[in-house]
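The sequence and the model are shown first.

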Amino acid sequence: MKKRNIIIRLLTLAFVLGSLQLAQAEEFRKVGTSIAQFLKVGVGARALAMGGAFESVANDASTVYWNPAGITNLDRTTWTFSHEAWLVDTGHDFSALVIPMNSSSYLGLSVNSMTVNDEEITTEMDPKGTGQFWNAQGIAAGITYARRMTDRFSLGGTVKYISERIWNESATAVGVDVGTYLDTKYKGIIIGMAFTNFGNNMQLAGRDLIREFDPNEANSLNASVDVRLHTEPWPLPTSFKISTSMELMGQGDRLFQSDQSRLILAVNGTHPNDDSEKLNIGCEYAYRDMLFARGGYSRGYDLQQYAYGGGLKLNLYGQTLMLDYAFTPYGDFGNIQTFSISSGF
């Protein structure tokens, strides 16, 4: 009973400190000071339905995005794919494959992309359209390696190639994610940390930045020369995340014992380099490890606050098939629905 009271007090203290930190951080924000913003859009319907509080849960293939150390929780080759029609007619897709190499080493491959559909170009001279179309795309392809250092602690990292293109202009960079995963083996408490998108700056370049320039307009005999417009380099959206989760209900050493039900509560704190601090809280209820209900709450975001979702897990001839769904309201921008499918074999 005494240990249970201590845990409840620690969780309460974490919520209070997180709220105070966010209240102070709202005084100053650095929005618009980094590039490749698609890297900040979360992936996987399961994690998104939990409000993005996933770094310490980290036990499916989407964890290569959230916390690369978490792939050591997978005991079989696992694949996942998720899709969502994101804001203002953009599409967001994510796919990952995790392969256990042996009992302590794990390999992951992932592709994260966001696309903007074709849109006709308008100018001052042609406000109804020029007949040309522009589009945009951001893509990050990564390779992840994680190792189980002990039966409680895992360490993982991802190296990814990042590319962003807007019509004929593009920029590239190499980014690195590093994560840790600690299973305390006490009451289902897990601590996860992740440092994501650390890498070199990105600078847009392309043929549309070439302009003609006349260095001496007074002389009609000289020829114009080609000049290139200068664009500023911008850093990647680096962030540091710390997360704690607790399995409140389940089998073994849990606060509430149950053979058929499982309940997880997770709390995340995020410190980004281009915005104020964020707080994410999520929960997942599982019945017979087959039916899942999830909910999440986020603070520190302009539009995102609540998230909901569920899932269904099927066992088919020794393989597992997971279907997940997430629903996230975004105010005047409408609602975002995310669908994911995962398979273990």
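## Terms and basis

A salt bridge is a side-chain nitrogen of Lys or Arg within 4 Å of a carboxyl oxygen of Asp or Glu. The model is predicted, and local features need pLDDT of at least 70, side-chain atom pairs count only at pLDDT 80 or more, and totals for chains, interfaces and linings use all residues. Residues are numbered from 1 along each chain as its sequence is written, and side-chain values use heavy atoms, with hydrogens and water left out.

## Salt bridges

The structure contains 15 salt bridges. In one of them E284 pairs with R262, with 3.5 Å between the closest N and O atoms. E284 belongs to strand β14 (residues 278–287) and R262 to strand β13 (residues 261–272), so this pair ties together parts that are 22 residues apart in sequence. Helices (H or I, at least four residues) and strands (E, at least two) are DSSP runs, numbered from the N terminus. E284 and R262 are both buried, where buried means under 20% relative accessible area, exposed means over 50%, and partly exposed lies in between (1.4 Å probe, protein chains only).

R294 and D324 form another salt bridge, their closest N and O atoms being 3.0 Å apart. Here R294 lies in strand β15 (residues 291–299) and D324 in strand β17 (residues 319–329), so the pair ties together parts that are 30 residues apart in sequence. Both R294 and D324 are buried. A network of salt bridges links R46, D60, R262, E284, D289, R294, K313 and D324. A further salt bridge joins R76 to D75, with closest N and O atoms 4.0 Å apart. In that pair R76 is partly exposed, at a relative accessible area of 28%, and D75 is exposed, at 68%.

Two strands are taken to pair if DSSP finds at least two bridges between them. Strand β1 (residues 78–85) and strand β2 (residues 90–100) run antiparallel and are joined by eight bridges. Within this pairing, H83 stands opposite D93 in β2. The two strands form a hairpin with four residues between them, and V88 in the turn has a positive phi of about 45°.

β2 also runs antiparallel to strand β3 (residues 105–120), with eleven bridges between them. P100 has Y106 in β3 as its bridge partner. A hairpin of four residues connects β2 to β3.

## Nonpolar cores

In soluble globular proteins, nonpolar side chains tend to be buried together. A nonpolar core is here a set of buried Ala, Val, Leu, Ile, Met, Phe, Trp, Tyr and Cys residues joined through side-chain atoms within 4.5 Å. The largest such core has 23 residues, of which F54, V57, V64, W66, I71, F94 and V98 touch the most other members. Two or more residues of this core come from each of α2 (45–49), α3 (63–66), β2 and β13. The largest share is that of α2, with four residues.

Contact means heavy atoms within 4.5 Å. Beyond its neighbours within four places in sequence, V57 is in contact with R46, M50, N73, Y181, S245, I264 and A266. Another core, of twelve residues, lies apart from the largest one and includes I35, A36, I162 and A173.

## Nonpolar surface patch

Patches are made of residues with over 30% relative accessible area and no salt bridge; like charges are joined within 9 Å, and nonpolar side chains (Val, Leu, Ile, Met, Phe, Trp, Tyr) within 5 Å. Accessible areas come from the Shrake-Rupley method with a 1.4 Å probe, and for residues only the protein chains shown count as cover. M149, F153, L155, V178, L182, I191, M193, F195, F198, F240 and I242 make a nonpolar patch of about 880 Å².

At least two residues of the patch come from each of β5 (153–166), β6 (169–183), β7 (189–199) and β11 (239–250). The most are given by β7, with four residues. F195 is located in strand β7 and counts as partly exposed, at 34% relative accessibility.

## The chain as a whole

The chain has three helices and 18 strands. Its C-alpha atoms fill a box of roughly 90 × 50 × 40 Å along the principal axes. Of its 345 residues, 44% count as buried. Among the contacts in the chain with a separation of 6 or more, 54% are between residues 24 or more positions apart. The accessible surface is about 18,100 Å², and 59% of this belongs to carbon and sulfur atoms.
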